[in-house]
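Welcome! Take a moment to look it over before reading on.

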Amino acid sequence: MSKDMSYSAVLARKPEIMKQSVGIDYSTFESGSIAFDYEKMMRETGYSLEEIQKIQADTGVGNTPILELKNLTALARKCAAPGKGARIFIKDEASNPSGSFKARRAATAVYHAKRLGYKGVISATSGNYGAAVASQAAMAGLKCIIVQECYDSKGLGQPEIIEKARKCEALGAEVIQLSVGPELFYSFLVLLEETGYFNASLYTPFGIAGVETLGYEIAMQFREKYGKDPDAVVATNAGGGNLTGTARGLIKAGAESKVIAASVDLSGLHMASDSQFNRKSFTTGHTGFGMPFTTWPDRSDVPRSAGRPLRYMDRYLTVHQGEVFYITEALASLEGLEKGPAGNTALTAAFSLAQEMDQDQMIVVQETEYTGAGKHIQPQLSFARDNGIEIVIGNPKDEVPGKNIILPSHPSLIKANDANLDNMRRSLIKNALSNFNVTPTEDDIEFLAVETNTNIEFVKNVLASL
Amino acid sequence: MIKKGEWVLIHRNVLEVSDRAPQVPDDTKKVPLEMWVKGYLQGDANIGDEVNVLTRTKRKEHGTLLEVNPTYKHDFGNFVPELLHVSEQVREILFGGESNE
C-alpha cells in the first residue's frame with residue numbers, strides 16, 4: 001500500500017520523519033509543558049567548542065580576519081556629535097569556503113550527518129546556508145538536496161535566490177525550486193522521508209553550536225589585537241541562530257560585549273503572499289523572519305529550535321532597505337570592499353549606533369557575505385525598479401516597504417530604530433501560551449523568564465495581563 | 001526532439017489550489033504550489049511533454065519538460081545611477097575639497 005501523500009497526512013508524520021532525519025529524540029528534553037531543557041539539549045547533542053574548532057579547521061572554516069573600517073568610521077564621525085563615533089570593525093566571514101558564516105553551521109551539521117552514517121543531507125533554505133551545506137557536503141562526499149522558495153506564480157524570482165541556486169548546483173547539490181508558500185515544509189518532509197537523508201536544519205544544536213566559534217573568535221581576536229573585548233557586537237537577525245550562536249560564544253569566552261540584533265524593516269509585507277513576494281529587496285535578515293522567530297523560535301523546522309535570540313539580545317535595531325543599500329555602496333567606495341547585502345544590515349545599524357557611542361569604543365559587525373551576479377545591490381535595485389518599486393533619493397524614514405526604496409540624501413539621515421524588546425518579550429510569552437494551551441507551571445514561568453531575559457516578576461505580570 | 005540522457009529542467013504542481021495549506025494568504029491560495037527541478041531525461045521527448053528525469057541525487061522525478069541545458073540568466077541588472085550618487089557623495093564628504101582636485 002502506498003503512503004498517503006496529502007498535505008495533512010505528511011504533516012501528521014512530521015514527528016517520526018524528524019526523529020529519523022535529525023537523529024535527536026527531542027522528547028528527552030521536554031517537560032510536557034512549555035518548558036524544556038535547552039542547555040541539556042545543547043550539551044548532549046552538540047559538540048564542545050574545541051571539537052567544533054577542529055571540525056571547522058579541517059574544512060577551512062573559521063579564523064576569519066577582523067577588518068577595521070577606518071573610513072566608514074570617519075564618515076560616521078562626520079555625522080556625529082563631537083567626541084562621538086565608535087570605531088567600526090567587521091569580521092570578514094565572506095572568506096569562509098562557501099562565502100558566509102553559514103559555513104560554520106553547515107560544517108558541524110554535515111560532520112554529524114557523516115558520523116551517523118547518513119548518505120546525504122537536505123536543507124530548506126533560499127539563502128547562504130544552502131551554499132554552505134552544499135560546500136560541506138561536497139567535501140564530505142555526501143549527497144545534497146537544497147529546497148528553495150524561489151518564484152512567484154508568474155515565475156519571477158529574486159536574483160539573489162537564483163544566484164544561490166546556481167552556487168548550490170556548482171557545488172554539486174540538487175536544487176528544488178518552489179513557488180511561494182509555507183508548504184515548502186511539506187515538500188521538505190516528503191524529501192526527507194523519500195531519501196532518508198539527514199535534515200541539516202539551521203536550528204539543530206549542531207548548527208547553532210557551529211556559530212559559537214564565531215563569538216569566541218571575536219573575543220580572542222580583540223583581546224590579542226586591542227587588549228579588550230569589543231563594546232558591542234551587532235548581528236543581522238533573521239531566524240535567530242546567528243545571534244544566538246555568536247552570543248553563546250562570547251559568553252564562553254567570558255566577554256561582556258553588548259549583543260545587538262539588526263534587521264531590515266519590512267513591516268507591512270506578508271512573507272507568504274504570492275503578490276508581495278517580489279516586492280521586497282532583501283531575501284533574509286529582515287523583520288519578516290526576525291520578528292516572528294524572535295517571538296516564537298519553535299516555528300522552525302525542528303521541534304525545538306536551538307536558536308533562541310531573545311535570551312541573548314540587549315537591543316534590536318531596525319534599518320530601512322535604502323539605508324542598507326547606501327552603506328553597501330559606501331563600503332565599496334570608502335573601504336574597497338564589495339560584500340553582499342545581508343551582513344551589511346548589521347553594518348548599517350552599526351553606522352548609526354557608532355554615533356551614540358564614544359570614539360574610544362569599538363563595535364564589531366560579526367559577518368560579511370560574498371557578492372556577485374544576482375547577489376549584489378545593483379541587480380537587487382534593478383529588479384525592484386522593474387517590479388514597480390520607486391527608487392528615490394530622500395529621507396529613509398519615509399520609506400514604505402513594497403512601495404519605495406529611499407537612498408538617504410545624506411549619510412547623517414541613516415538612523416537605526418529601536419524595536420521595543422518588552423513588547424517582543426510579551427509576544428513570546430503569549431505565543432508560548434497559545435501554542436501549548438496549558439496553565440503555566442512554576443517551571444514554565446522560570447523557563448519563560450530565561451527565554452525573555454527577564455525575571456519571574458515580569459513573566460507573572462505579563463501572564464496576569466493576558 | 002531532445003535525446004534521452006540530456007540535462008533538462010522540468011516543472012510540476014506539487015499542491016493544486018484545492019490542496020493548499022489552511023494558513024496560506026488568500027492571494028497565494030488562488031495559485032498552485034509549483035516545483036522546478038533539473039535532471040537527466042529518461043527517454044526521448046519534446047518540450048512540453050510529460051517526462052521522467054533522474055536528478056543529481058539519483059531520485060526519480062516527473063513533470064513537464066521546459067528546457068534542455070537550462071541556462072542561468074541572472075546578471076547585474078540594469079545600471080542604477082543612484083548608486084553613483086552615493087559613491088560620489090561619500091568620497092566627497094571624506095576626501096573632497098579643492099586640495100583633492
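What you see is a predicted model. The predictor gives the complex an ipTM of 0.95 and a pTM of 0.95, and chain B has a mean pLDDT of 94, with 95% of its residues reaching 70 or more.

- Asn437(A) sits in the loop between helix H16 (421-436) and helix H17 (442-451) of chain A. Is Asn437(A) exposed or buried? Asn437(A) has 7 C-beta neighbours inside 10 Å, so this residue counts as exposed.
- The backbone of Asn437(A) is worth a look too, as its phi is positive, about 50 degrees, although this residue is not a glycine.
- Asn453(A) also has a positive phi without being a glycine, with a value near 55 degrees. Its place is in the loop between H17 and helix H18 (456-465) of chain A.
- With 16 other C-beta atoms within 10 Å, Asn453(A) is partly exposed.

**Where the chains meet**

- At the interface, 50 residues of chain A are in contact with 36 residues of chain B.
- Several elements of chain A supply at least two residues each to the side that touches chain B, among them helix H5 (70-79), helix H8 (159-170) and strand E11 (390-394).
- Which element of chain A gives the most to this side? H15(A) does, with six residues.
- By class, the side of chain A that touches chain B has 24 nonpolar, 18 polar and eight charged residues.
- Strands also pair across the two chains: E5(A) and strand E2 (residues 33-41) of chain B are joined in the antiparallel sense over two bridges. Here Leu178(A) has Met35(B) as its bridge partner.

**Sheets and strands in chain A**

- Seven strands of chain A form an open sheet with mixed pairing, in the order E1-E2-E10-E7-E8-E9-E13.
- Val234(A) stands opposite Ile260(A) in E8(A).
- Strand E3 (residues 120-124) of chain A has five of its five residues buried, so this strand is largely enclosed by the rest of the structure.
- In a regular strand, side chains alternate between the two faces of the sheet. In E3(A), Gly120(A), Ile122(A) and Ala124(A) point one way, while Val121(A) and Ser123(A) point the other way.
- E3(A) runs parallel to E4(A), and five bridges join them. Cys144(A) in E4(A) is the bridge partner of Val121(A).

**The nonpolar core and the domains**

- Chain A is divided into domain 1 (57-99 + 206-288 + 297-418) and domain 2 (421-465), and their C-alpha centres lie 29 Å apart.
- Four residues of domain 1 are in contact with eight residues of domain 2 in chain A. The side of domain 1 that touches domain 2 has two nonpolar, no polar and two charged residues.
- The largest nonpolar core has 156 residues, of which Val121(A), Val133(A), Val234(A) and Ile363(A) touch the most other members.
- Helix H10 (residues 205-226) of chain A gives the most to this core, with nine residues.
- Both domain 1 and domain 2 of chain A give residues to this core, so the core lies between them.
- Beyond its neighbours within four places in sequence, Val133(A) is in contact with residues including Ala106(A), Val121(A), Cys144(A) and Ala200(A).

**Two residues of chain B**

- Lys30(B) lies in the loop between helix H1 (26-29) and E2 of chain B. Lys30(B) has 13 C-beta neighbours inside 10 Å, so this residue counts as partly exposed.
- Although Lys30(B) and Val17(B) are 13 residues apart along the chain, their C-alpha atoms are separated by 6.0 Å.
- Thr64(B) belongs to strand E4 (residues 60-68) of chain B and, with 14 C-beta neighbours inside 10 Å, counts as partly exposed.
- The C-alpha atoms of Thr64(B) and Asn78(B), 14 residues apart along the chain, are separated by 32 Å.

How values were computed: Residues numbered from 1 in each chain as written. Chains lettered and ligands numbered in written order. Predicted model: local features only at pLDDT ≥ 70, side-chain atom pairs only at ≥ 80, totals over all residues. Contact = placed C-beta atoms within 7 Å. Helix = DSSP H or I, 4+ residues; strand = E, 2+ residues; numbered from the N terminus. Nonpolar A, V, L, I, M, F, W, Y, C, P; charged D, E, K, R; others polar. Pairing = 2+ DSSP bridges. Buried ≥ 20, exposed ≤ 12 C-beta atoms within 10 Å, placed from the backbone. Domains from an automatic or database assignment. pLDDT = per-residue confidence, 0-100. Core = buried A, V, L, I, M, F, W, Y, C linked by C-beta atoms within 7 Å.
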